[in-house]
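Work through the exercises below with the sequence and the 3D structure open beside you. Try each task on your own before reading its solution.

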Amino acid sequence: MCGIVGYTGKRNAAPLIVEGLKCLEYRGYDSFGLAVMESGDGSAGHEDAAGKPTVIKKQGRISDAGSDVSVACGNIGIGHTRWATHGVPSDVNAHPHTDCSGDIAVVHNGIIENYAELKKVLIAEGHVFKSETDTEVIAHLLEKFCNTADADGLIGDEKIDFAVKNLMNTLEGSFALLILIRGFNGLIAIKRFSPLVLGIGDDELFASSDMTPILEHTQKILFLEDNDYAYLTPDGIRVFGYPSGEAVEREVKTVDWDVESAKKGGYEYFMEKEIFEQPAVFVNSFRQKIDDGAISVLKKASSITVVACGSSYHAGLIFRYLMEKYCKIPVRVEIASEFLNFTIAKGTAVIAVTQSGETADTLAALRHAKANGCPVFAVTNVLGSSVTRIADYVLYTRAGPEISVAATKSFTAQCAVLLRIVSLIGKGIFEKELFEIYPVLEETLLFDPADASAVCKDAENIFYVGRGVYYPISLEGALKMKEITYIHAEGCAAGELKHGPFSLLTPKTPVVAVCTKDDAYPVMISNIKEMKARGAPVIAIGSSGDKDLKEIADIFIPLPRSENICEVISATIILQMIAYNTAVLLGRDVDKPRNLAKSVTVI
Amino acid sequence: MQAVILAGGEGQRVRPLTHSQPKVMIPVANRPILDYVIESVEKCGINDIIVVAGYRKEQVIRYLNSLDTGVSVVVQKKQLGVFDALLCAKDLIKGDFLLIPGDNYIDSESLSRLKTERNAMLTAEHPYPSNYGVVSVSGGKVKGISEKPSLADTMTVSTGCFSLTPDIFNYPATCMIPDIITDMAKNGRPIKAVPANRWHDAIYAWDLLKMNRMALEMVKPSVSGNVSKSASITGNVSIGSGTVISPYAVIAGDVVIGENSYIGPHTCIMPGTSIGSRVRVEPFTYIENSILMDDSSVGSHCRITDSVIAKGAKLGSNVTVDPSYSAVEVDGHFFKAFFGSVVGDNSVAAPFTVLKHCVIGNSSAVENGRVIEGFLPDGSIVK
């Protein structure tokens, strides 16, 4: 997975590309690069004659890069921030990739599945490859097709058209491409199964993997569809459909996302900023209007299956506990990447939960469900993302852009939307409680995680335990802890401890127990006593004023006084804050943990 | 020119309202005090603004992020006074600058005049100068400041607004602002005293009501939300989107009501009242000269006057406030003040409670309809 940006207009492209890439860093950050070229100066014989692209690329993060990357001159440019899939992170493997002549530069997000065969053929034809990436074949293929077009006497747009169509015909896999070709006065954008949006400014055009880099310049956004290819030139944007090659109309939408909200403000890390946005995010996501049609389809379904990955999977599990208990509809929750192994019962409604709307596994699972004739739903945070084009019904979370790799506000927003579904199907259950949750979450944010973090930071293993709906909360707490602190953390159903993990408990393995005064309270208390007996230090999160729990636990964290359902969200935030604070104490790169990327757009 | 706005202190004397937020974030007319300060600074033509956050910094930063104005934020880790706070911003300061407290109202004309002077301070006349730095002035120059003296010899006080040059950073970090000003006067570089036009500080929680009335005068009338045709709205009234005003409600400005609130039938919302967002006011309730912060609620048949009801506080039905001018104890000192009640965050009062000139701390509960007088600390339970 990677991020790409492109610009064509009157301004110097390089600084704009660099700024744009910084916005996309959450998509990958092991290396970056850009290519710029000068458009024709309009003098006789030079109208279309764009110069040769200048390419700069580097291993490392764009935000750490010096000013030297912005010096390249040219008013047309493309850039890329990389997440390695084929070939290790290095200067050579960084995009853009060029053909043998250096006249063509390509940036790519996605995977070319047949690149190995193509590469073999191209090498046999005399092309010289510089990198180990799949992307480089695209540049050489374009060179080959341009040469064929030249030989056939095609010039100008006809030549480019010929090359692009042949390219799309040859490539297999997923790709969003931005291409510079010497002599073509603009950008070429191609999309198949990878995200790509275009922005229309005053006398300038933008392209990007998502809207954030564009919004600083314009709110007019054009969403490309799969198998679209577009020419961005001084005359505007022309979009064509593959394979017909006919011009297509794509609606230009005005997006009112506040780009400031994508910036860190005065917070130390985006994660902290995003944690503190949760009261408003939860309330906005919960209070939104939900399509009656969607709810009636879910009501009629014999069962519901949720497919998701990572934190979204945990949101699905919470949905399951509440839906089964209060609405008596059977719910199955599957990890998206495993879903293809299973059969889908007739009459099942399938809900895909994905923050980015681009999670490859989740998209594949949803396509699988759709192919089986299920009504398909998407819960996503990103307008116009790939999942929204597959789903029959789309429910948006109102989290705004989430930059930190570890999900926080997008998770609570997913819970809000899923809880809203439970509430609507369950005749208004939880509605009053959750309409009044705002001050409870504000109160939760006043929690000081210093004591709990002090215990966690020196541990090598941490267990998170809970029962009922607090089991998925424990899984989520453990995921947050491991992904940003690099401490091994495991979420467990409290009842399962005795069936194995108990043997791992020692005085050096802290246990974080979530134990509010719900149905499972008495048995949780006895579980915690058993853990204490093995000497494990217990950090207990419980209801306000719970004296018994306070007595047993080494550290007792009371939740704000509120309804049971509100405690579920409060407890989640407490666990996020403990993980965050522990990571800060350990000096981790909180927003960009090693080996992880924000949205996983490869399988 | 730059401006450094101090937003790091808790504002302990405004307790219990500073439990979840610093004083700068307390809403008057539904906007944090800090917002008025930033507005005045911008109006006087300064765009390079540095805010020093400290106590509950997350709340301040989140708020600043929601503004259109881009401001720089620096964090003061421990609240060690004004000069220490200023030192936190030292690296961002490029030349002459204004130093402004974020928790007082100050008008932009005064700041404009202050801006034209180098080494000057805004002063004001105050009936109770002992709460402030009392300034002795002669010939328009400051001779010295004595911080919160038990006996003040003039009524002139420091507003905390200064026009300064980077020379001030030559003083050692352990200095306090009054010492520095006095020292400058001694060494022939006296600070000019510039009288302020409109300056207002709320020292104690009940002082907010006056600041609220002042701020309400500046509110532009605008009514959105769902207002019943049979409700009566007169005077200067602002109602936010998503708010429901039920039939036969009477709203007489100056009044401001936030978003997604509910005002029940036959309620009276009288002048000097600010109602926040997601607030619920049930039928037949009378409210006057009061602040109801976000997420609070008031039952039916209540009478709430001259009161500050903090975030998430819940008053049951038939709660009556009985305001008076009498003594109240704060930190061992007695003050005479006129107000009804101050109810802290998330506190609850049972039906038929009478709030008689009292301050109820945060997360407290009055579990039966009693008469409450005086001061209840945080977490109190009255059975």
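**Exercise 1: a sheet and its helix**

In chain A, G542(A) stands opposite P558(A), which belongs to β24(A). The model is a predicted one, in which local features need pLDDT of at least 70 and side-chain atom pairs count only at pLDDT 80 or more, while totals for chains, interfaces and linings use all residues. Residues are numbered from 1 along each chain as its sequence is written, and chains are lettered from A and ligands numbered from 1 in the order in which they are written.

Solution. Begin with the terms: strands (E, at least two residues) and helices (H or I, at least four residues) are DSSP runs numbered from the N terminus, and two strands pair if DSSP finds at least two bridges between them. Next, widen the view to the open sheet of chain A, where five strands follow the order β21-β20-β22-β23-β24 with parallel pairing. Its edge strands are β21 (488–493) and β24 (555–558) of chain A, each of which pairs on one side only. Neighbouring strands of this sheet are turned by 20° against each other on average, direction ignored. Finally, helix α17 (residues 521–533) of chain A packs on the sheet, touching β20 (461–466), β22 (511–515) and β23 of chain A, and its direction makes about 165° with that of β22(A). Such angles run from 0 to 180 degrees between N-to-C directions, with axes fitted to C-alpha atoms, for helices over the stretch in contact.

**Exercise 2: the whole chain**

Task: Decide how the radius of gyration of chain A stands against the rule for a compact globule.

Solution. The radius is taken over C-alpha atoms, and the rule is 2.2 Å times the number of residues to the power 0.38. For 603 residues a compact globule would have a radius near 25 Å, and chain A has 26 Å, which agrees. The C-alpha trace of chain A spans about 85 × 50 × 45 Å along its principal axes.

Technical notes:
Contact = placed C-beta atoms within 7 Å.
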